[in-house]
Every structure is written in structure tokens, then in C-alpha cells.
Amino acid sequence: MQSCEISSDSTDDPLSSGLRSHRQPRIVVIGAGLAGLAATRVLLKNGFTDVTVLEASDHVGGRVQSVNNGKATLELGATWIHGANGNPVYHLAEENGLLEHTTDGERSVGRISLYTKNGVAHYQTNVGKRIPKDLVEEFSDLYNEVYELTQEFFQNGKPVCAESQNSVGVFTRDLVRKRIMVDPDDSESTKKLKLSMLQQYLKVESCESSSPSMDEVSLSEFGEWTEIPGAHYVIPEGFMKIVDLLARDIPSKTICLCKPVRCIHWNYSAQHREVIGKSRDTKRDSDHNDNNHGYQQNNDPLILGQPIWVECEDEEWIPADHVIVTASLGVLKQNHEVMFSPSLPEDKVLAIEKLGISTTDKIFLEFEEPFWSPECNSIQFVWEDEAQLEQLAYPEELWYKKICSFDVLYPPERYGYMLSGWICGQEALQMERCDDETVAETCTELLRRFTGNPDIPKPRRILRSSWGSNPYIRGSYSFTRVGSSGEDCERLAMPLPYANSTKAPLQQGFDMLSPLQVLFAGEATHRKYYSTTHGALLSGQREATRLVEVYQDHRA
């Protein structure tokens, strides 16, 4: 287990001139994903020298996970740079030459997930038949018309009718079904195919939203998520290159890997003095704190002057003046009750509970030879028996019915013959519990069934993500669930303890910064860019900038 090095006290730091204290503020950043690294970069760039990053896993990057596969890099996590104009992730990639080898086919302006705009999607039914291309295009136009309507409730302030249950899924399914059923030119069999395609489109949409079902996504808030203009880019050498760029100027001793946090003890009072005293009594005999930077557990934090102590799983206690928490919404949902002492305020807990996060997983299958035709860019699974179903809820053994599609990775010169499948929700968690052999066999049977080709061989390699069962992630990314709003994102982002102003009058030491003890970053805290890498990066910069500005305001 690696031990963190806390910087020594500094008497000549650039920020101390306007402070009555003669040392740098101690800042702990929890999480070395995009938000944590972005925050750390801003702090170091602005002269803060006593910064420590605590990362629970054995690597930096958070929900970025690039895996080398021969000439190619496969993305188990973040894949696209969503939009170019003003996107800080795009500009970071462009300025550092990461997009030079991106082919035209790897740039997509499509809303539905595509690895390439070349070729066509093959919509296959569970009886092994391909749905005609013109029928797919006709349905796609209808679906996209209704999708545009889902944006208007937030953007134009349209009232949501009770029948929609304020749900994107319910609204979309009801309206598309009505339009399909009143079309006088379609036969009953055509209408059934379109209704089945609707269910498949909603599965794809669920994977994009990382929601268990679009029925859980808020209709009134759906249009607030803001798409940055421009194409969507992949990074041929891997999204991890963005992580490397963010971490490049951060000294290695600043980042402590394999350092999960048990509890953040913040806002000490007499009551908390008593809590620490009890903790000291129970732990005194274990002598577990030999490596805590010289700080002994029996030193009262109030006497030492730090308003925060970060308790790590390895029993180390780290003092801090400020903590920036970048833990995922999934981790906060599962752990907030034990992760903060005192407990989080009720309204912040409510925001955590109301906002949604689910799991979207990828399944990569590598084949010796392609069984798909050269113009095929994806295989979409359309279950004809689901045409009239309301909610798609599957028993555990039928988890595979939630796999919505397999994309063909392009170009083959880079990726070989590789398919990337998508699955979300509880079914993704069930997939994660299966072994590789079971998932490979199941996917092969699906592909045989839907293509009508019984001779498709098993893939020579399978690789898949497991974001739901990862104890340090617990989901892929956030969404505004029915009953939540963008205000919940802002409430989640609000620093603790709450104060009317974060720029309180200068008092002794660092007490004047008490409203900025615990700060929150991460994609779920960005109101307009939640669920994105640029939202995560911007949120980290935002919280670091809060600290930079308040210290600048107190310079001499």
C-alpha cells in the first residue's frame, strides 16, 4: 500500500501574503478521474502546493479505460468526444495531435450511437429476417420527429400532461404508437415491425442515457442536457491519452493510488470532538497509524486547526482544509451515509437519491473473419414479440434480451473484425455476473438467431466492461430521473457547509474558508453537461476555481 506524502509547511507560498496563516492550505482531492485531475491541475497551476489526490483503484482515469488490442485501442469506458465547438476535451485532443489519425468514418454527427457513418445499420428480427432499409428509414424519421418533441418541454416550457407520467419513454412510446396505428398505408405486419423497432430504439436510447429504461428519464428535464455543436470524435490511440495529458504536469507523489476513503470527517464541533475521542479510545491499541505523515490519531483535529480529517480504508487519517469529492453518483448513492460525518444535509441527500445513474456496458467480440457484409455498420436486434409490451422487464435468465445492438468497429485495418455490443440496466449487472464463456456463447447464439446464419463461429476473444459491479464506480453516468431536475445537479454541487456567501470575512487561520470545506465535482454535478467527459472536466475546474478565487480575494 502506497503512503501519501503531505507537503511540508510553506512560509513563502504565493497565497499566504494575504492570509494570517503562514502555511499553504491542505487540499485533498478524492478521485483521479477527469474531474479530480482537472481540479488538481488548476490548483497546482495557481500556486497551491499542498495538494493530495486519493484514488481508490490502482490506476488514474476513473471511467476512462482504454485497452490495447493489437494495433487498436478498445474503450471500455468513455469513447467519444461529444462535439467540438468549445469542448475542452476536443481542444485538448486537437492541440496535442490526438485526432490526426481519426478517419472521416470515425467522425459521427448521428444522435444514435454509431462507430461509423459509413455503411448502413442492419435491423434484424428474432426470426432471422432483415427489415427492409426503406422501412427502417421511414420509422427512423418518425421516431426522430417525436424525439425532437421531447426536447421542447424544457426548452419551450411546455406543460407535461399527466398521461405521459413525465417520462420520456412513456411519452415517446405512446405518441409513436399512435402515429403508427393511424397510418392508412401500412399493413398490420408493417405496423408490428415498426412497433418492434420502437422498443429497440428505446433500448438504444436507454444505453445512451445510461438509464434502466427511458420510462425512468424525466420528460420535463430531458431538453436541458446541452449538446455541443460539431461532430463526435473517437481518439485512435485511446481516450486514456486525455487522462495522460491531464496527469502529465501533476507530480507522481501527489497522486496516491489504491487509497480508498472510508469517511470524510468535516465541520468539527464539540460534538465531533467527542466522536473523535471515542474513535481514539477504540483504536489506540491497534497502532494502525504508523504511516500517517507524522499525524497521530490522538491529536485533536481542532487543536491542530484542520476542519477536516479524511479517514482512509487503510486506517490512515489525513488532515485537510478543503476536500474536493469527485466520487461518482453511484458511489454517493451507496456510501453517503457512512462516507460523511456529520451526515450530508437532507436536501443534498435528496438530490443524490432523486438523480439517476445506471449501468451501460460494452461487450467486444473479436472474430477471425467477418460474417457481416462490407456495407453493414451495425446489427440491431428487433424482437417481434415485444411490439405490444409496455415495460421491458426481463427475468434474470433472459438478461441477453436487453442487448440492443452490435456495432462494427471501423476501419478493419485498425480494429480487425470486431463487434461492440451494448447492454444497460439490471440486465447489464446480470451480464457482469456471468463468466466470459457464458457471455460469448450467449452473444454468438443471438447473432446466429438474428442474422439467420447458424454457422457464425464463436469469437476468438471477448472483452467487456463491468461498471455496475465496480465498487469504486457503481454505474456508468448520470441522468435526470423522473422527479429530479437540473436543480438537483446544482444542489449536489453545492459546497459544504452551506453559507450565504463563500467569501466570509477573514478570520484566524483558515476558518474564514469554512463554507468551502467539502466541494463536489464529477459529471453528475454539471447541470447541462452531465453524463459527459467534458462535463466532468469542467466540474473539476469549477471547484478548483472556487478555491483559487477565494484565496485571491484575501491577498494583501
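Predicted model: local features only at pLDDT ≥ 70, side-chain atom pairs only at ≥ 80, totals over all residues.
Me: How many salt bridges does the count come to?
Reply: A pair is counted when a side-chain nitrogen of Lys or Arg is within 4 Å of a carboxyl oxygen of Asp or Glu. By this rule, the number of salt bridges is 31.

Me: How many residues apart in sequence are the parts that Glu224 and Arg527 tie together?
Reply: The side chains of Glu224 and Arg527 form a salt bridge, with N to O at 2.5 Å. Glu224 belongs to the loop between helix H5 (188-209) and strand E7 (232-234), whereas Arg527 belongs to the loop between strand E21 (518-520) and helix H15 (533-552), so the pair joins parts whose separation in sequence, in residues, is 303.

Me: Is Glu224 buried or exposed?
Reply: Buried means a relative accessible area under 20%. The relative accessible area of Glu224 is 4%, so the residue falls under that cut-off and Glu224 is buried.

Me: Which residue forms a salt bridge with Glu366, and where does that partner lie?
Reply: Glu366 is in strand E15 (residues 360-367), and its closest N and O atoms in the salt bridge with Arg460 are 3.1 Å apart. The pair ties together parts 94 residues apart in sequence. The partner lies in the loop between helix H13 (436-451) and strand E19 (461-464), and its name is Arg460.

Me: Is Arg460 buried or exposed?
Reply: A residue counts as exposed when its relative accessible area is over 50%. Glu366, at 11% relative accessibility, counts as buried. For Arg460 the relative accessible area is 51%, and the residue is exposed.

Me: Which helix holds both Arg448 and Glu445?
Reply: The side chains of Arg448 and Glu445 meet in a salt bridge of 2.7 Å, N to O. Arg448 is partly exposed at 23%, and Glu445 is partly exposed at 45%. The two residues are three residues apart, about one turn of the helix, and both lie in H13.

Me: Which residues are linked with Arg173 in a network of salt bridges?
Reply: Arg173 belongs to a network joined by salt bridges.

Me: What distance separates the C-alpha atoms of Leu74 and Tyr415?
Reply: Leu74 is found in strand E4 (residues 72-75) and is buried, with a relative accessible area of 2%. Not counting residues up to four places away in sequence, Leu74 touches several residues, among them Phe364, Leu409, Tyr415 and Met418. Leu74 and Tyr415 are 341 residues apart along the chain, and their C-alpha atoms are separated by 8.5 Å.

Technical notes. Residues numbered from 1 in each chain as written. Heavy atoms only, no water. Helix = DSSP H or I, 4+ residues; strand = E, 2+ residues; numbered from the N terminus. Buried < 20%, exposed > 50% of the residue type's maximum accessible area, 1.4 Å probe, protein only. Contact = heavy atoms within 4.5 Å.
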